[in-house]
Amino acid sequence: MNNLRQQFIAFSVSAGVLRFGEFSTKAGRLSPYFFNAGLFHDGATLAQLAQFYAQTLIDSGIEFDMLFGPAYKGITLASATAVALAGKGHNTSFAYNRKEAKDHGEGGTIVGAKLAGKVVIIDDVISAGTSVRESVDMIRAAGAEPCAVLIALDRMERSGKDGELSPSSAVQQVSQEFNIPVVSIGNLEDLFTYLNAAGADPEMARFKDAVSAYRTRYGV
């Protein structure tokens, strides 16, 4: 596989981060797949994941000055991506937030570089968009500009209850609300392409119909 997006899906499957079966989501839906970036929890897989984030950001052509990782998963993702970018010749500062303000030492809720210039928010996925909204508020309050959101997987899924589904996905809503691009390393379409690929594991291919039905029902 020479396509970065397909490489990412295959990597996520091999790492056990992207799984197929029957999973209950926060929205109460039964999803035929589940993506948990928290399972990238060893040095080798985190290093590889950071390479995907860094290359995707470079390939996007987005101009940026620094990275911001929302607590908690975003902290590791932003710092690892900064290391990967440095290895590619792009030395970039980063910052992240605390859930609770610190009243000693450096104090405040922001750790790392001072928020300034054009800031890319890095997270794993966008579900309700709450993390992004909080990040945008913090970045703007510091006088900086949120210029993009970079995530691992875009589920391309409409929110809401059956019969009352939103016309757009959480990713689309965030992009429209803040007028900034949301870039993903991979998405549901890439996942489906992987399942359809002749080189895919036959064990994986058997989930193709379930993913297709789910995409038809909830996808954008």
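**Notebook: annotated site, cores and rings**

I began with Ser-127, which I located in the loop between β6 and α4; helices (H or I, at least four residues) and strands (E, at least two) are DSSP runs, numbered from the N terminus. I read Ser-127 as partly exposed, at a relative accessible area of 49%. On this scale buried means under 20% relative accessible area, exposed over 50%, and partly exposed in between (1.4 Å probe, protein chains only).

I noted that the model is predicted, that local features need pLDDT of at least 70 and side-chain atom pairs pLDDT 80 or more, and that totals for chains, interfaces and linings use all residues. Residues are numbered from 1 along each chain as its sequence is written, and side-chain values use heavy atoms, with hydrogens and water left out.

**Annotated site**

I looked up the UniProt annotation "binding site" (unreviewed entry), which covers Phe-34, Phe-35, Ser-127 and Arg-155. UniProt positions are given in the numbering used here, feature names are shortened, and annotations may be inferred rather than shown by experiment. These residues span 122 residues in sequence, yet no two of their C-alpha atoms are more than 12.7 Å apart, so they gather at one spot. I found Phe-34, Phe-35, Ser-127 and Arg-155 in the lining of the largest pocket. A pocket is an open set of points on a 1 Å grid over the protein atoms alone, where a 1.4 Å probe fits, with protein on both sides within 12 Å along at least five of seven lines; lining residues have an atom within 4 Å of a point.

I placed Phe-34 in strand β2 (residues 30-35) and read it as partly exposed, at 34% relative accessible area. Setting aside residues up to four places away in sequence, Phe-34 touches Val-17, Leu-18, Arg-19 and Phe-23; contact means heavy atoms within 4.5 Å.

I then turned to Asp-124, in the loop between β6 (118-122) and α4 (130-141). Asp-124 is buried, at 9% relative accessible area. Beyond four places in sequence, its contacts include Tyr-53, Lys-73 and Ile-151.

**Cores**

I found 44 residues in the largest nonpolar core, where Phe-8, Phe-20 and Phe-35 have the most contacts. Helix α2 (residues 43-60) gives the largest share of this core, six residues. A second, separate core of 19 residues includes Val-132, Ile-151, Val-171 and Val-174. Such a core is a set of buried Ala, Val, Leu, Ile, Met, Phe, Trp, Tyr and Cys residues joined through side-chain atoms within 4.5 Å.

**Rings**

Rings of Phe, Tyr and Trp (its six-membered ring) pair if their centres lie within 6.5 Å; planes under 30 degrees apart count as stacked, over 60 as edge-to-face and the rest as tilted. By this rule I count nine aromatic pairs. One of them, Tyr-214 with Tyr-218, is tilted, at 5.0 Å centre to centre and 55° between the planes. Because they are four residues apart in helix α8 (residues 208-218), Tyr-214 and Tyr-218 are separated by about one helical turn. Phe-8, Phe-11, Phe-35, Phe-40 and Phe-52 form one aromatic cluster.

**Backbone**

I recorded a cis peptide bond from Ala-71 to Tyr-72, with omega near 10°. Tyr-72 is in the loop between β3 (66-69) and α3 (73-87). Asn-179, not a glycine, has a positive phi of about 55°; I read Asn-179 as exposed, at 70% relative accessible area.
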